[in-house]
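I opened this structure to follow a few strands, cores and single residues, and I wrote down each thing as I looked it up.

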Amino acid sequence: MARPAQAKKDKSPEPRPRSAKKPVAAATPGSRKAMPKIDPPSAPFPIVAIGASAGGLEALELFLGGVPAGCGMAFVVIQHLDPKRKGMMPELLQRATNMPVTQARSRMKVKPGCVYVIPPNRDISILRDTLYLLEQVPPRGLHLPIDFFFRALADDRQEHAICVILSGMGSDGTLGLRAVKEKGGLVAVQEPASAKFDSMPRSAIDTGLVDLVTIAEELPSRILDCLRHVPSGLRSAVAVDAETPAQKSAFDKICILLRARTGNDFSLYKKSTIYRRVERRMALHQIDRIAHYASYLRENPQEVDLLFKELLIGVTNFFRDPPAWDILQAKGLPALLAASPAGAPLRAWVAGCSTGEEAYTLAIAFRETQERLKLPGRHSLQIFATDLDPDAIAKARRAIYPANIVADLSAERLKRYFIEEGDSYRVGKEIREMVVFAPQNAIMDPPFTNLDIITCRNLLIYLGPELQKKLLPLFHYSLKPGGILMLGSAESIGNFTDLFSPFDSAARLFRRGNVPPRTLELEFPTHHLPRKPETLMATDPQPAAGNLQNLADQLLLQSFSPAAVLVTGAGDVLYTSGRTGKYLEPAAGKANWNIHVMAREGLRQELALALPKAVRSGEPVQCRQLRIGTNGGTQIVDLTVQPIAEPAALRGMAMIVFVDVPASPVDEVVAGKRAPRRSARVMELELALAQARQEMQSLRDEMQSSHEEIKSSNEEMQSTNEELQSTNEELTTSKEEMQSLNEELQTVNIELQSKVDELSSASNDMKNLLNSTDMATIFLDGALNVRRFTTQATRLFKLLPGDIGRPLSDIACDLVYPGLSHDAEEVLRSLVFADREISTGDQRWFQVKIMPYRTMDNVIDGVVITFNDISAAKRLEAELRAVVGQKEKPP
């Protein structure tokens, strides 16, 4: 809604927010709702960049008219303006808002509650909350001021950046919003149906990265709702390692739901990154606590898919970080080409390729380097480009990009490697055929091998240290000796200096070392399909009457049954029941869950004898009145070792049961008086103990003898084992190579299947189109041989399916048209259409059009001949001529 312009005295060199006359609490139901400020004054305030073009003035007025007083945000308007006219935009927009609207000037400090408008014939940028105006340079193609400022704002304000796209033609802002989204900012777009020109909003929505889509006047309130519900303290808690147990539990649940739904584990990714994406989704749904958001995910599986897409946001563009690509072309690629035999194929892997720009960049860089060096024998480069996001892979395969890629590519590269199609560009066939795209999880799926170069840019920064330590040795394994690893500008090889050496530190290029990787196993896990989310973390049902017996049994086991431990025959603990702390305690040092190590003093010796005896004999063994040392005293215990024969799954194991025995009154009196005399019972026990020790010593001697014999046999078997191990290593290497080869074949198969599906769909569309026209059509190749024909063509020519490849002149025809072949050759030579009206022997007439056959690469490869039946028109013409002739005869 329009508002009267403010008085001139309100203006000042530095714009300032105007105070509202009414207090916020006095807002009436019918008035616009006043919003409190989002952040305290010391916190960074949000800056909203608004991009608009054709039809944008009305949308801007509606948007600014919907901004409430005291919103705490600053607004920068980037409108496509005529560079030769004086800018009137500030005066026009001032009518729609009480906020001061000012034309931006260089070095102007941005303040909340103000609107800044780009002046004509200038580009605008921002650095540390200060605006800077730049002279426009002659554009190589389109002038894209919205993209330019969106990228600058994303770098400067990070998650406090908000971009809004309103009515306009073209696609300006589409690439910039990707940068805002990558930094955790908010993206809002006007509903295309409400925009006068919907090209810019639709282009933004097609990216799949838009958070809010609504009419222009509702966008401010929706943005404020999101900002007011941004959870505070999540990422800061992670940064200072002060994550609460509730937050950690909710985070783990979110990771479990993502893994169950998508099959991808995000628990080892950087928590700050995950929290930033989660916070944005929480703000959109106006959820304040992460635990509530975890519950919301369980109830809404589609939200899990949206969060997954949010986590996979990959911002990329052609020749990102140009200096790094210049160094790769000047030093890296020439070194690889020089080290390869003439004509030998090179192999590359682009991990995390997103929508394909980086893979195509590598292909272009290789082709340019090859043409510049002019080495003998033309090398080829096969690029495997993979990403976790199947939608991004689908876009990369289409190889169609918006027109605003002109900001990242020179005119020479656009002309040489791209084909312009309307308002977009398609990657040329030469570059497209160098790249094979496939969905792949670089962490879980087998890697490619025998590679000359790997580019993994801006992926490691999202992974935690554990995943980085797994991925870098994997890259070392995949590269050939001397191969090159290219990382992002903020990434490094960490502590793996023994695997990689710097090739060019400034460009983040590293060369693979010839030393074997550290002693670790490179796993090639199979990919498991995700389970249905409905079966995970289901809400516990209320106990039914039929379950009371089970619940009672569980209560008895937990509260009244003796402590027990399930162990293997060797003593490894598999399961514990009840409180076993009085009898077992973890040993110091490396974790060891063997009961012989964990048994307290007084149990260890008896367990060492009783457990093997019970397992050998299959009978239970009991040891009574054992005194064990506890914390600050002793406890009398009866020990029972029960071997297990049934069920079959537990066969060979044993259950060890501990039962406390209360001390007798006599023992208490003796212990209290500390009687110096020892009873006969004590002497009897000491004698039994001495006999037991003698038997144990005898057993130890026998075991020592057996051990020496076993050692001798073991040495003989060890030599055999080394031979088998060598053979096994060779088989393992062959297996890994076969797995990698199988992965490559699957990737190529997916690519080929995708192309077959596209060709099949296109063939079906063309067939139905030609049949729907009911027009005879014949396609000829450059030698005027039949390439394809429609069913209607058989009415004029005696064509059969086996005539494909035969000259058209050899086919019998009903047309009285002896010059058909000559006209077709003339069209091929001159590229000028031919149009004739030809009759048949049975007095039918046809309009014959001969046109050149033009391929997608703009190559003439034959002709297309159409035959349109005009017999009815000819008969009508003859009848009219007859009527006119009769009227002209004299009476």
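I take a contact to mean heavy atoms within 4.5 Å. With that cut-off, among contacts between residues at least 6 apart in sequence, 66% join residues at least 24 apart. I am working from a predicted model, in which local features need pLDDT of at least 70 and side-chain atom pairs count only at pLDDT 80 or more, while totals for chains, interfaces and linings use all residues. Residues are numbered from 1 along each chain as its sequence is written, and side-chain values use heavy atoms, with hydrogens and water left out.

**Overall counts.** I looked up the secondary structure and found 24 helices and 30 strands; helices (H or I, at least four residues) and strands (E, at least two) are DSSP runs, numbered from the N terminus. Of the 891 residues, 42% count as buried, where buried means under 20% relative accessible area, exposed over 50%, and partly exposed in between (1.4 Å probe, protein chains only).

**The open sheet.** I traced an open sheet of 7 strands with parallel pairing, in the order β3-β5-β2-β1-β8-β9-β10; two strands pair if DSSP finds at least two bridges between them. Its edge strands, each pairing on one side only, are β3 (101-103) and β10 (212-214). The twist from one strand to the next averages 20°, with axes taken as lines fitted to C-alpha atoms (for helices over the stretch in contact) and angles running from 0 to 180 degrees between N-to-C directions. Within this sheet I checked β1 (residues 47-52), which runs parallel to β8 (residues 161-165) and is joined to that strand by 5 bridges; Ile47 stands opposite Ala161 in β8. I then looked for helices against these strands, and found α3 (residues 145-157) lying across β1, β2 (74-79) and β8, at about 170° to β1. Helix α5 (residues 199-206) also packs on the sheet, where it touches β1, β8, β9 (186-190) and β10, and its direction makes about 140° with that of β9.

**Nonpolar cores.** A nonpolar core is a set of buried Ala, Val, Leu, Ile, Met, Phe, Trp, Tyr and Cys residues joined through side-chain atoms within 4.5 Å. The largest has 48 residues, of which Ile254, Phe266, Phe475 and Leu485 touch the most other members. Elements that each supply at least two residues include α8 (245-262), α9 (271-284), β11 (346-351) and α17 (465-478), and α8 gives the most, with 6 residues. I listed the contacts of Phe266, leaving out residues up to four places away in sequence, and found Cys255, Leu258, Ile274, Phe308, Leu311, Leu312 and Leu388. A second, separate core of 46 residues includes Leu144, Leu346, Ala396 and Met486.

**Strand β11.** I noted that 6 of the 6 residues of β11 are buried, so the strand is largely enclosed by the rest of the structure. Leu346, Ala348 and Val350 point one way from β11, whereas Arg347, Trp349 and Ala351 point the other way. On checking its partners, I found 6 bridges to the parallel strand β12 (residues 381-387), where Gln382 is the bridge partner of Arg347. The chain crosses from β11 to β12 through helix α13 (residues 357-373) in a right-handed β-α-β crossover, meaning that, with the strands pointing away from the viewer, the path from the first strand over the helix to the second runs clockwise. A further 3 bridges join β11 to β17, also in parallel, and Val350 stands opposite Thr455 in β17.

**Thr449.** I placed Thr449 in the loop between β16 (435-439) and β17, and at 11% relative accessibility this residue counts as buried. Beyond residues up to four places away in sequence, Thr449 touches Arg347, Tyr477, Ser478, Ser740 and Glu744.

**Tyr296.** I found Tyr296 in helix α10, where its 25% relative accessibility makes it partly exposed. Leaving aside neighbours within four places in sequence, Tyr296 is in contact with His285, Ile287 and Glu303. Its side chain makes a polar contact of 3.5 Å with that of His285; such a contact is a pair of N or O atoms within 3.5 Å, one able to donate a hydrogen and the other to accept it within protein, and residues adjacent in sequence count only if both atoms are side-chain atoms.
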